[in-house]
Structures are given as structure tokens and as C-alpha cells.
Amino acid sequence: MNKRFTTGIAAGALILSLTACGGSRGGGDAAGEGGSNEGAKIGVAMPTQQSERWIADGENVKSQLEELGYEVDLQYANDDIPTQVSQIENMINGGVKALVVASIDGTTLTSVLDTAESQDIPVIAYDRLINGSETVDYYTTFDNFEVGVQQATSLLIGLGVLDEEGNETGEEGPFNVELFAGSPDDNNATFFWDGAMETLQPYLDSGVLNVPSGQTEFEQAAILRWLPDTAQDRMEDLLTVGGGARIDGVLSPYDGLSIGIISALTSGGYSPDDLPVVTGQDAEVGSVKSMIAGEQYSTIFKDVRELGGQAVTMVDALMKGEEPEVNDTETYDNGEKIVPSYLLESEIVTVDNYEEVLVDSGYYTADELK
Ligand code: BGC
């Protein structure tokens, strides 16, 4: 839809090189005092290896940092908060000069980040905002609100309410849809939900869309820790709660949840070739295969090579005593400060464009998707 493109243009036009308010730490001091940060050790904390995207994120950041000559301590925390806290503590004790952190729960790192601050170690929040802490210097992510808009837009396209260009077709339904949200402790989840609901609300209001369960609040739709099994259980419940009405579409904010949702639908009597329109996010291999097989309808592709590259560019600038480039200084308020951010763009993928977007770009080989 048009908004998608306007956001892109706005982001492009707004590339700002900012002097971070209050002074950024790390690079300035360490590099400026004659101490070189060449070959410095960088800590990279990732949430989980249960999802392919985070494995790819970790590998991308590590390899790109290594190409620039940095040493990397990459750790995964198995979605366990105390593990992530102690991994970051160990990184600090192990002498890292900067931290790149994709948090599990964005509110749990305040104390360990205070330690980082006391040692002048700059912190970059990676993909997920770290909340409630002054000591987050920069943030790089995708335009998360826009991801939600894209998810809802693809749901509407799949239902036939919008055409491929995002224009209304005049189709009035009514269509039965159920709604899922991500983990309530992940700051991104609310952005995805808000973007999606802003897009769906007019159709809910006009009766083109109907939610048989009546569960339209974030708290009702949220899936703690983004767990596929929890989504599967909730979808099973929704099939009963909704009084057995046929479901035409499901807003799912992440491919892992979509897989659980599709399992619940098939075991609940939907045949694989007559499934509701189910959305997703991350273009994980299992879901792309599911789209090719005609099951999942769409996903949102976020090129984590670009995200990794952006984080590495930020680290490198800080290590050289320079100010990283950002393109958003308004959106990401973490409760203590507005964190200067660099936002990237995402893209809707369906069976119609997956080859061009995912294979031709070298993100996956054709063989990986067989
Ligand atoms: C990421 C999504 C991902 C989700 C579950 C979010 O923070 O932005 O890309 O689907 O976590 O891992």
C-alpha cells in the first residue's frame, strides 16, 4: 500500500548524521586516547538458536565483524533471561570493547548494562529495543510498525479485500479472522500489532472482517516468548471458542507461530489445500517451503544480512571514535531516552515473488527450499 512506499521515502530522506545527545561512549574515549581499537573484542548476545533467523543474525554479525579484523564473542541464551545476563557479564569481564545485544526481555538488562557503562563500553540494541536503560547508545532494526502494516496488508490481499497493489477490490466478505501477537516482553511485538491493527481496524469496523472469538486485544493475542506450541494450543482453543465458524484468515506475526497455527488448523479439520490465509514473518526455510506447498500464504522478509551489516557499521564507527549514522531519532523511546536508530525496510513475500526476493538475491539457494 502507499503508506509502505511513503515510509520508505521518508526513511531515505531522513538520513541524518547525529551527534548523540549526552555523548556516546566507548569509541570516542577509547579510540581518542591513543589506544587503538583495531582487532578489539566485540560481544554479540543473541536470544535463541530455536529460530533460524537468529542463527543467521549471529553468523552475519560475527563474520562481518571478523572481516573488519575484530575478534567476536558470540553467545546464544536459549531464551533464558538469567543466561543472557550472565553471558553479557562474562563478555564485559572478558574485555569486550562494545556490545551488540538482541534481548530476550528488553527490560531485564539494566543492571548489567550499568556495568558496561561504568567501563565505557558502548551498547547497540540489535533488532529488539532494550527498555528502561539509559545506557543503550544506538539501535538498529527494521521499521517494525511497517512490518505489522505489511502483515495485515498481505492478509487483506490473501482474502481478496485488497489487490496486489493494495487497492480495495470492493470485496465485502464478511471474512472470519483470528489474530495473534508476539511476545509481550519483546518491544517489537507491540509495534507489529499496532501496525497490523491500524490497517485492519477499518475493515473490522465496517464488518468486512469479523473475529469469531472476539479476542481483539493485544493481551489476548500475545504469545509469550514467541513459542510455536503456545500458538498451536491457542489456535486449537480458538477453533472451539469461535463456535466452529469457518476461519478465513489468521494474522500471525512470526513464521514459527504460523507453523503451530497451521498444525492446529489441519488437525482441526482444515485440509492442507483449503487452509485459511495465514501470514508470518522472517522468511524462515520451513515457512517458505510451506508457502511453496500452498499452506502458509505470506511472510515478511527482513534481510538480516543488511541488519548485521548495519550493526557492524555502527560498531566500527564507534571503535574509530566516529558517530554512527542514524535515520530515526523519534520513534524508539525506551522509557529513559529516545534511542537514535537506523531502520531498515522489509518486504512482503508470497509464492509469487519468493524466487526473485529470496533466491535471486542469494539469501537462500533454490536447493535449500526444495
Ligand atoms: C523479531 C522478529 C521475530 C521475532 C521472533 C522479533 O523481535 O523482530 O523478526 O520474528 O522476534 O523471533
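Predicted model: local features only at pLDDT ≥ 70, side-chain atom pairs only at ≥ 80, totals over all residues.
Me: How far from an oxygen atom of the ligand is the side chain of lysine 302?
Reply: An N or O atom of the lysine 302 side chain is 3.0 Å away from that oxygen. For tryptophan 54, the distance from a polar side-chain atom to a ligand oxygen is 2.9 Å. The protein covers 98% of the 310 Å² of accessible area (Shrake-Rupley method, 1.4 Å probe) that the ligand has on its own.

Me: Which residues surround the ligand?
Reply: Among them are Arg53, Trp54, Asp127, Tyr254 and Lys302. To count as near, a residue needs a heavy atom within 4 Å of the molecule.

Me: Why are aspartate 127 and arginine 53 called a salt bridge?
Reply: A salt bridge is a side-chain nitrogen of Lys or Arg within 4 Å of a carboxyl oxygen of Asp or Glu. Here N and O are 3.1 Å apart, so the pair passes. Aspartate 127 sits in the loop between β4 (123–126) and β5 (138–142), and arginine 53 in helix α3, so the bridge ties together parts 74 residues apart in sequence. Both residues are buried.

Me: Is arginine 225 buried, partly exposed or exposed?
Reply: Its relative accessible area is 21%. Buried means under 20%, exposed over 50%, and partly exposed in between (1.4 Å probe, protein chains only). So arginine 225 is partly exposed. Its salt-bridge partner is aspartate 185, with the closest N and O atoms 2.1 Å apart. Aspartate 185 has 14%, so it is buried.

Me: Are lysine 370 and aspartate 367 buried or exposed?
Reply: Lysine 370 has a relative accessible area of 71%, so it is exposed. Aspartate 367 has 56%, so it is exposed too. Their side chains meet in a salt bridge, at 3.1 Å from N to O. A search of the whole structure finds ten salt bridges.

Me: How do you know whether threonine 48 is buried or exposed?
Reply: Its relative accessible area is 6%, so it is buried. Threonine 48 lies in the loop between β1 (41–46) and α3 (52–67). Its side chain reaches the backbone nitrogen of glutamine 50 at 2.9 Å. Leaving aside neighbours within four places in sequence, its contacts (heavy atoms within 4.5 Å) are Trp54, Tyr76, Asn78 and Asp79.

Me: How many helices and strands does the protein chain have?
Reply: It has 13 helices and twelve strands. Helices (H or I, at least four residues) and strands (E, at least two) are DSSP runs, numbered from the N terminus. Of the chain's 370 residues, 55% count as buried.

Terms used. Residues numbered from 1 in each chain as written. Heavy atoms only, no water. Polar contact = N/O pair within 3.5 Å; in protein donor to acceptor, adjacent residues only side chain to side chain.
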